[in-house]
Amino acid sequence: MVFLILSRCLRLFSIAILLALTFSSEIEAQSVQQQITQPQSLNAKPSRVVTYCVDPNWAPYEAIRNHNHVGVSADYIKLISELSGLTFELVPTDTWEQSLEYVQKGNCQVLSMLNVSDFRKQFLNFSHPYFEAPNILVARSGTPILQGYGGVGHRIVGVVKGYRQVEYISRNYPEIRIKLVESEIDGLTQLSRGEIDVMVGSLMSVNTYINNQKVDNLNIVGYAEPFDSLAFGVNKSFSDIIPTLNSAISRIPEHRKIDIYKRWNNVQVRYERNYFKLLITTAIVLMIVVGLVWRNRTVSQYSRLIKQKNNEIESLQTTLLDRNRTLEFLSAHDTLTGLYNRNHMIQKAEEEISRFQRFHTTASLIVVEIAVKRDSRGELAEFDRENILKQVASQCLATVREVDIVSRFTGEQFIILCPQTNLDSGRVLADRLVECIDQDILTGNTKMQVAAGLSELKESESFTDWFERTTKALYHSKRLGYAMVTVAE
C-alpha cells in the first residue's frame with residue numbers, strides 16, 4: 001500500500017518537473033525572439049518626410065479642401081508614397097503664386113504638379129512627367145472658333161499668375177494683350193462678366209467649373225499650345241529625391257493611371273436646346289424655300305411668256321420676210337403679167353451699157369407692142385385685153401433665152417434685153433417672137449396686132465437714146481402694116 005502511494009507521488013513529481021521544464025523553455029524562446037527583434041527595430045532607418053505645396057485652386061488636377069489635398073496629384077502622391085517609401089507632408093498655401101514662393105524659399109521641398117519652363121529651371125529640378133492634359137481657350141457664347149493664339153487678335157486674354165502660359169505667350173505672341181488673374185476660377189468669373197475676352201485654362205478644370213457652376217454663357221473655342229506635361233518640381237537643395245520619384249513614377253501600373261483619370265475626368269458633352277435659334281433658323285429656311293418656289297414659278301411664267309413672245313416674233317419675222325419678198329418682187333415685177341417692170345428693165349439695161357463700155361460686149365434691144373384695132377363698137381373688153389397681155393407675156397418667156405430679160409414696159413409694150421447678142425442674132429430672135437405671138441395668140445382676133453423694133457447698142461449711147469432709136473424702128477414696123485420686125489439704123 002505504501003509502495004503504491006510512493007509510485008503515484010513519484011509520477012506526479014515527474015509530471016510537475018516536465019511541465020516546469022516546458023514552461024521555462026517557452027519563456028526562454030520568447031526572450032530570445034524579443035532580443036532578436038528589438039535590436040532590428042532599433043537599427044531600422046525611419047521613412048523620409050517630404051514637404052510639398054500644391055495649387056490650391058486647380059481642381060480637379062489639385063486643390064486644397066478643408067485643409068486636405070485632393071485631386072489627381074493627391075492620388076498620384078499616395079501611389080508614389082506606397083512605391084517609394086517616402087512620406088509626403090502638405091504645406092498649405094492660398095494661391096499658386098504663394099506655392100511658387102514657398103518652394104523657392106525652401107518652406108516646402110516639392111511642387112506636386114507643374115510644367116517645365118525656363119524660369120522655373122532657375123530654382124527647380126524636375127522629375128519625369130506623370131500626367132498630360134490639354135490647354136484650351138474659353139470665351140463667351142457667340143465667339144467664333146479661334147485657331148490657337150494666332151486667332152486671338154485684339155482680344156484680351158486672361159492667364160493665371162505664375163502659369164507657364166504667361167512666359168510662353170510673352171515670348172512667342174508679344175502682340176497679345178494679357179491680363180493676369182489669381183486663379184482659373186477668378187479668370188472664368190471675369191470672363192463671364194465680360195472683363196476679359198478669352199481665358200486660357202486646362203480642359204478638366206474648366207469643365208469642372210462650368211459644370212459645377214452651371215455657367216451657360218461660356219464655351220470652349222479652341223486649343224492653346226503647348227499642352228501640359230505635368231511633373232514634380234523639386235527645390236534644387238533637395239534634388240537627391242528625384243531618382244526615387246522617377247523610379248516610383250516608372251513603376252506605376254497603367255491600370256492605376258487609368259483609374260485615376262476616370263475618377264477625376266468630368267468632361268461632359270453639353271446639349272443646348274436654344275428654341276429661339278431653332279425657330280429663327282426654321283423661319284429662315286421656310287423663307288428661303290418659299291422664295292425659291294416663288295422664284296421658280298415666276299421664272300417659269302416669264303419663260304413661258306418669253307417663249308410665247310419669241311414665237312410671235314419669229315412668226316412676225318417670217319411674215320415680214322414674206323412681205324419683204326413680196327415687196328421686193330412687186331417692186332421689180334409687173335402685177336398683171338408677172339414680168340419685170342419698167343424700173344427693173346432700166347436698171348438691167350444700165351448695167352448692160354456699163355458692161356459694154358468696159359468690156360465691149362455687144363447687146364440688142366427688142367421692143368414689142370400689141371396694138372388694138374378700133375371700130376365703131378369700141379375696143380375689146382378689159383378682161384379680154386388682160387388675157388391677151390398675159391398670153392403675150394407667157395409667149396415671150398417661152399421664146400427668149402434664159403439670159404434674156406423680158407419686161408412689160410408700158411400698157412401694151414414689151415421690151416426684151418438680149419445681153420451679148422449682136423444684131424443678126426437679135427433679128428432671128430425678134431422674128432421668131434413676132435411670128436409666135438401673131439400666130440399663136442392673135443390669130444382669129446382681128447382687133448389685136450403686133451409689131452417689133454430691134455437695135456444694137458452703140459458706143460457712148462445711153463439707155464434713153466437706145467430705147468428711142470429702137471422705138472422709131474417699132475413705129476416704122478407699125479406703118480408698114482404690123483406683124484414684122486424693123487431694125488433701127
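The model contains 1 cavity of 30 Å³ or more, where a cavity is a set of points on a 1 Å grid over the protein atoms alone at which a 1.4 Å probe fits but cannot get out. Grid points are joined across faces, edges and corners, and a volume is the space filled by probe spheres set on the points. This is a predicted model, in which local features need pLDDT of at least 70 and side-chain atom pairs count only at pLDDT 80 or more, while totals for chains, interfaces and linings use all residues. Residues are numbered from 1 along each chain as its sequence is written, and side-chain values use heavy atoms, with hydrogens and water left out.

**Cavity**

- The largest cavity has a volume of about 170 Å³.
- Its lining consists of 18 residues, counted as those with an atom within 4 Å of a point.
- Nearest the centre of the largest cavity lie Trp58, Asn115, Tyr163, Arg164 and Asp228.
- Two or more lining residues come from each of strand 6 (110-114), helix 4 (164-172), strand 11 (198-202) and strand 12 (218-235); helices (H or I, at least four residues) and strands (E, at least two) are DSSP runs numbered from the N terminus.
- Strand 11 gives the largest share of this lining, 3 residues.
- By class, the lining residues are 7 nonpolar, 5 polar and 6 charged. Ala, Val, Leu, Ile, Met, Phe, Trp, Tyr, Cys and Pro count as nonpolar, Asp, Glu, Lys and Arg as charged, and the others, Gly among them, as polar.

**Pairing with strand 12**

- Strand 6 pairs with strand 12 in the antiparallel sense over 3 bridges; two strands pair if DSSP finds at least two bridges between them.
- Leu111 stands opposite Gly233 of strand 12.
- Strand 7 (residues 124-126) is also antiparallel to strand 12, over 3 bridges, and Phe126 has Gly233 as its bridge partner there.
- Strand 8 and strand 12 form an antiparallel pair over 9 bridges, with Val138 bridged to Ile220.

**Open sheet 2-3-4**

- An open sheet is formed by 3 strands in the order 2-3-4, with antiparallel pairing.
- Strand 2 and strand 4 (68-70) are the edge strands, each pairing on one side only.
- Strand 3 and strand 4 are joined in the antiparallel sense by 3 bridges; Arg65 has Asn68 in strand 4 as its bridge partner.

**Aromatic pairs**

- There are 18 aromatic pairs, meaning rings of Phe, Tyr and Trp (its six-membered ring) with centres within 6.5 Å; planes under 30 degrees apart count as stacked, over 60 as edge-to-face and the rest as tilted.
- The ring centres of Tyr61 and Phe131 are 6.1 Å apart and the planes stand at 75°, so this pair is edge-to-face.
- Tyr61 lies in the loop between strand 2 (57-58) and strand 3 (62-65), and Phe131 in strand 8 (residues 131-140), so the pair ties together parts 70 residues apart in sequence.
- Tyr61 and Phe131 are both buried (under 20% relative accessible area, with exposed over 50% and partly exposed in between; 1.4 Å probe, protein chains only).
- One aromatic cluster includes Tyr61 and Phe131, and among its other members are Trp58 and Tyr163.

**Helix 10**

- The 18 residues of helix 10 (residues 342-359) should span 26 Å at 1.5 Å a residue, and the end C-alpha atoms are 25 Å apart, which agrees. The expected span is 1.5 Å times one less than the number of residues.
- Buried residues of helix 10 are His344, Met345, Ala349, Glu352, Ile353 and Phe356.

Conventions:
On a 1 Å grid over the protein atoms alone, a cavity is a set of points where a 1.4 Å probe fits but cannot get out, and a pocket is an open set with protein on both sides within 12 Å along at least five of seven lines; lining residues have an atom within 4 Å of a point.
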